[in-house]
Amino acid sequence: MKKTVLIVDDSEFVRNYHAYILQQASFDVITAMDGSDGLEKLYTHACDLILTDINMARMDGYEFIRRVRSEPKYQELPIVIVSTESQSMDKMKGFQAGANLYLVKPCSPAMMVENLRMVMGPAPNVT
């Protein structure tokens with residue numbers, strides 16, 4: 001069974017680029033344009049992992065992650081941040097919010113896929 005990744009990023013170009021990479025690696029993909037849209041998609045679609053940016057307009061990635069983690073149903077859902085923010089303070093804030101992994105853009109497609117597979121493990125879909 002294919003794993004499903006929810007991509008949350010306010011850049012259409014980045015969403016499409018990440019979706020292409022993941023689809024080529026046999027993942028199903030759902031996209032959202034910011035944290036608010038991401039929550040709506042999460043509540044209506046089963047997914048195995050969230051890939052999110054930090055800097056977004058209506059709801060940034062930190063707040064999005066905190067809201068996801070506040071739901072008992074999503075406590076174990078892997079969340080990976082992919083951001084241009086590379087300072088240790090940014091990474092610390094991401095982990096404090098509840099992220100499992102923090103990748104700095106740009107990262108190679110192979111590295112992204114390998115890291116997502118590692119974080120996802122064999123967990124089943126959250127329904």
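**Entry 1: helix α4**

Buried here means under 20% relative accessible area, exposed over 50%, and partly exposed in between, with a 1.4 Å probe and protein chains only. After α4 comes Gly98, with a positive phi near 130°. Helices (H or I, at least four residues) and strands (E, at least two) are DSSP runs, numbered from the N terminus.

**Entry 2: what I am reading**

This is a predicted model, in which local features need pLDDT of at least 70 and side-chain atom pairs count only at pLDDT 80 or more, while totals for chains, interfaces and linings use all residues. Residues are numbered from 1 along each chain as its sequence is written, and side-chain values use heavy atoms, with hydrogens and water left out.

I checked pLDDT, the predictor's confidence in each residue from 0 to 100. The protein has a mean of 92, and 95% of its residues reach 70 or more. Over residues 123-127 pLDDT stays under 50, and the model has 14 contacts for them beyond four places in sequence. Contact means heavy atoms within 4.5 Å.

**Entry 3: the cores**

I then looked up the nonpolar cores, each a set of buried Ala, Val, Leu, Ile, Met, Phe, Trp, Tyr and Cys residues joined through side-chain atoms within 4.5 Å. The largest has 22 residues, of which Leu6, Val8, Leu42, Ile50, Phe64, Ile65 and Val68 touch the most other members. Two or more residues of this core come from each of β1 (4-8), β2 (28-32), α2 (35-44), α3 (61-69) and β4 (79-83). The most, four, come from α3.

Which residues does Ile65 contact, leaving aside neighbours within four places in sequence? I listed Thr52, Ile79, Ile81, Ala97, Gly98 and Ala99. Another core, of 19 residues, lies apart from the largest one and has Ala25, Phe27, Leu116 and Met120 among its members.

Lys105 and Pro106 are joined by a cis peptide bond, with omega about -10°. I placed Pro106 in the loop between β5 and α5.

Ser26 is not a glycine, yet its phi is positive, about 70°. Ser26 lies in the loop between α1 (12-24) and β2. I put Ser26 down as partly exposed because its relative accessibility is 45%.
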